Amino acid sequence: MRTKTNKTVMHSYPGMVALVTVSYDGQDNIMAAGWHSYISYEPPIYGVAIGRERHTYQLVKDAGSFAINFLPAQYSEFIQSTGVYSGADVNKFEQGKMTFDRGITTNAPILHEAYVAYECKTIDVNSYGDHDWFVGDIIHFYRDDEKFLANGLPDFEKISIPLYLGRSQYTIVNKTSEVKIMI
């Protein structure tokens, strides 16, 4: 039976975790973010919530840009580690043996392992409770076309996508997952 409760934050999971990357003043950093979303299709705009106590927060704020990266399921441990360790204490790229190219415009790391990535130029920042919502124009898109079908959906014969359940747990969407087609 459903009863009144004080908090239900975990009900929004499972969901994809975005990896926010940034480069500012010679420092590269990466952070896992569970709260992120497309905001507009045309023009393409993306947003991500970043806690003000996070090391990434000030870097993104000062850089005025960031990148969003999505990694396949085999990198779930790395995804989790980027949300557990602070870039103030450890180089998470080196720790996870992750390689990257620089973004064309933002200089933010675009992970080689990402099947999709967006370079974003910050256009707005708003405070909501204990997080700030960074909104960015997507100025460059990257996609591993081999991992997608002609209709733009993931090809689950070639990619498995991790969904965060909460509490450091993931489930995997892959070729054995049930897909329902709604007409």
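Biologist: Hello! What kind of model is this, and how are its residues numbered?

Modeller: Welcome! This is a predicted model, in which local features need pLDDT of at least 70 and side-chain atom pairs count only at pLDDT 80 or more, while totals for chains, interfaces and linings use all residues. Side-chain values use heavy atoms, with hydrogens and water left out, and residues are numbered from 1 along each chain as its sequence is written.

Biologist: Thanks! What is the order of the strands in the open sheet?

Modeller: Helices (H or I, at least four residues) and strands (E, at least two) are DSSP runs, numbered from the N terminus. Two strands pair if DSSP finds at least two bridges between them. The open sheet has seven strands with antiparallel pairing, in the order β2-β1-β5-β8-β9-β4-β3.

Biologist: Which strands stand at the edges of it?

Modeller: An edge strand here has a single partner strand, so one side of it is left without a neighbour in the sheet. The strands at the edges are β2 and β3.

Biologist: And what does the twist average from one strand to the next?

Modeller: Angles run from 0 to 180 degrees between N-to-C directions, and axes are lines fitted to C-alpha atoms, for helices over the stretch in contact. From one strand to the next, the twist averages 35 degrees.

Biologist: Which residue is the bridge partner of Thr21 in β2?

Modeller: Look at β1 and β2, which pair in the antiparallel sense over seven bridges. Within β2, Thr21 has as its bridge partner Ile30.

Biologist: Which strands does α1 touch as it packs on the sheet?

Modeller: Contact means heavy atoms within 4.5 Å. The direction of α1 makes about 60 degrees with that of β1. On the sheet, α1 touches β1, β2, β4, β5 and β9.

Biologist: Which residues of helix α1 are buried?

Modeller: Buried means under 20% relative accessible area, exposed over 50%, and partly exposed in between (1.4 Å probe, protein chains only). The buried residues of the helix are Thr56, Tyr57, Leu59, Val60 and Ala63.

Biologist: Which residue of β9 is the bridge partner of Gly47?

Modeller: The bridge partner of Gly47 in β9 is Val135.

Biologist: Where is Pro43 found, and is its peptide bond from Glu42 cis or trans?

Modeller: A hairpin joins β3 to β4 through four residues, and Pro43 is found in the loop between these strands. The bond from Glu42 to Pro43 has omega near 0 degrees, and is cis.

Biologist: Is Lys97 buried or exposed?

Modeller: Lys97 lies in the loop between α3 and β6. Its phi is positive, about 55 degrees, although Lys97 is not a glycine. Because its relative accessibility is 72%, Lys97 counts as exposed.

Biologist: What about Arg167, buried or exposed?

Modeller: Arg167 lies in the loop between β10 and β11, and its phi is near 55 degrees, a positive value in a residue other than glycine. With 63% relative accessibility, Arg167 counts as exposed.

Biologist: Which side chain makes a polar contact with the side chain of Asp144?

Modeller: A polar contact is a pair of N or O atoms within 3.5 Å; within protein, one must be able to donate a hydrogen and the other to accept it, and residues adjacent in sequence count only if both atoms are side-chain atoms. Asp144 lies in the loop between β9 and β10, and is partly exposed, with a relative accessible area of 23%. At 2.9 Å, the side chain in polar contact with that of Asp144 belongs to Lys147.
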